[in-house]
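I opened the notebook to record what I looked up in this model. The entries follow the order in which I checked things.

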Amino acid sequence: MGAQTSDVDAVVIGAGISGLYAVYKLRGRGMTVHGFEAADGVGGTWFHNRYPGARCDVESVDYSYSFDEDLQQEWTWSERFATQEEILAYLEHVAGRHDLHSAFEFLTRVVSTVYDEVSALWTITTDTGRSVTARFVVMATGVLSATNRPDIPGRDSFTGESYHTGEWPRHTVEFAGKRVGVIGTGSSGIQSIPIIAQEAEQVVVFQRSPNYSLPAGNTPLSPEQIAEVKASYPERRRLARLSGGGTPFTPYPKGALEVDEAERRRVYDEWWQRGGYLFAKAFPDQTISIEANDTAREYVEAKIRDMVKDPEIANRLIPTDHPIGTKRIVTDSGYFETYNRENVTLVNLRSTPIVEITEGGIRTSDTDYPLDMLVFATGFDAMTGALSRIDIRGRDGRALRDEWSAGPRTYLGMAVAGFPNMFVMVGPGSPSVLANMVLGAEQQVDWIADCLDHLDEHNAVSIEATEQAVAEWVEECNKKAAATLFPSADSWYMGANIPGKPRVFMPYIGGFANYGNICAEVAAAGYKGFEIGGEKDA
Ligand code: N01
């Protein structure tokens, strides 16, 4: 089989963090690359999540590309945890600096990608009726990009303003003088509620599951701090690549149950001061031993009780359904204190569920809440949602949706048996959301570029994961997850937030550094677990 001529060498779907870098890197190999992006700009997650209070929970100096040393030295982050606005400005800057906009066709949604075995080409078709053929397709479609608007009775009958945090409009949303209902208390709800409450006349929070959240401890970055980071970037990045989560932080060297009460408290105090989700990893045994986890949980519960004046409301805000850290700990600014405000009401949907959304508000089993605005902070069909919304067909017309009907099945999170020359970015089976997404994207794109070099060197046209390699990797991912407390939580990591979605722990939880090493070993062994096929036409 020889490869026929395609319109371009590669199509990249999505202009978020991984899509932008994929275009840069593949073009750098001399490939022709065409990108498609449904939005009218670059940025992916950071384009869409413009809700008030949206910030990254990874420190800005780490949540940034490392591939361009000059960029790293020239760009100056203003705060420890960057706002959505600043991250989007950064990504626009990167795209401008490397002429990446020119690769993309914006406002164009891919509806199908179909592989043809005879030509060994993919045909990518869009909602504008365009079709492009390519040898390779890179699915940089995002992990938290397919929004979830739950099918609550009467959802579309509401006549006030209605927004989803993950599809927030560009125009300024005015809360002043309005009664705002927020459904959902994940990261998006918890970040936006304090800001909405400062402006709105009244905020009613509809909480189904309480979540653990820690103050961000966000501060402006001083010129001295910036200079120090810039001077030490090589070491900072090196440590990040050796870490479990893609940032230069490591847990305390002993387990929570190996130290006495005073030492444990000192460590939790220190990690509390650092702020944010890293608290889940203060001690290395916190997410594998329920006894260790209990010590962290009790510490945070006491903090919540300190912050919330009304003990009954504090009780409602303390999770009882999952070990701390098995859902992503939220990084907030003044969340719990918001419930001390007169204009904020917390509705516990576990005791009084939503019966319906009406024209004028929300009706629970015991109360009608009249509202002017509804904010759906109800999350995403995570990790697989964006892929399943595209009709992806591999060999013999096999549909990815069907292949993954019992849960996603990948090799190294990047490749799928039966879908040659298709690469999935930061997808299920990779550390993905459990690590720094920017370094994760770089690591995978670099690996893909090396893999394409290998194909060229061997005059080959296709690479495809074997069924056996996929089966073994899926088993490895499941084994790693089962050794932790994570599967015990009804989280979006498990697909538990979407009715009918298979319950599978989707990311690879063996650590960022380990994952990188495994990928490197696979490459060094001549792409073990892959079939490399065909010869290029002379
Ligand atoms: O979404 P979520 P998110 N009726 O799925 C509730 C990243 N992120 O957008 O838990 C009533 O976490 C649902 O309740 P329950 C980060 O990785 C990062 O907030 O299913 N409620 C939950 O409370 C994060 O983890 C940042 O019982 C319903 C909420 O909606 C991920 O994105 C900022 C419901 C959804 O929470 C997702 O966060 C923002 C229903 N029918 C996001 N359906 C950073 O800081 C759902 N809910 C970087």
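How many residues surround the ligand, and which are the closest? I counted 24 residues around the ligand, and the closest are S187, S188, R208, S209 and W492. I note at the outset that the model is predicted.

Entry: I went through the polar side chains next. For R208, an N or O atom of the side chain is 2.8 Å from an oxygen atom of the ligand. For S209, a polar side-chain atom lies 2.4 Å from a ligand oxygen. For K327, I found a polar side-chain atom 3.4 Å from an oxygen atom of the ligand. I then looked up the area: taken alone the ligand exposes 910 Å², and the protein buries 88% of that.

**Entry: make-up of the shell.** I sorted the residues around the ligand by class and got 9 nonpolar, 9 polar and 6 charged. Which helix gives the largest share of this shell? Helix α5, residues 187-199, does, with 3 residues.

**Entry: domains.** Going back to the ligand, I found that domain 1 and domain 2 each supply at least three residues to the shell.

Entry: In which sense do β4 and β5 pair, and over how many bridges? Strand β4 (residues 110-116) and strand β5 (residues 121-126) pair in the antiparallel sense, over 6 bridges. I traced V110 to its bridge partner in β5, which is T126. The two strands β4 and β5 form a hairpin with 4 residues between them, and A120 in the turn has a positive phi of about 60°.

I followed β5 on to strand β6 (residues 131-139), and this pairing is antiparallel over 4 bridges. Here W122 stands opposite A134 in β6. I wrote down a hairpin for β5 and β6 as well, with 4 residues between the strands. In its turn, G129 has a positive phi of about 85°.

Definitions and conventions:
Residues are numbered from 1 along each chain as its sequence is written. This is a predicted model: local features need pLDDT of at least 70, side-chain atom pairs count only at pLDDT 80 or more; totals for chains, interfaces and linings use all residues. Side-chain values use heavy atoms; hydrogens and water are left out. A residue is near a molecule or strand if one of its heavy atoms lies within 4 Å of it. A polar contact is a pair of N or O atoms within 3.5 Å; within protein, one must be able to donate a hydrogen and the other to accept it, and residues adjacent in sequence count only if both atoms are side-chain atoms. Accessible areas come from the Shrake-Rupley method with a 1.4 Å probe; for residues, only the protein chains shown count as cover. Ala, Val, Leu, Ile, Met, Phe, Trp, Tyr, Cys and Pro count as nonpolar, Asp, Glu, Lys and Arg as charged, and the others, Gly among them, as polar. Domain bounds come from an automatic or database domain assignment. Two strands pair if DSSP finds at least two bridges between them.
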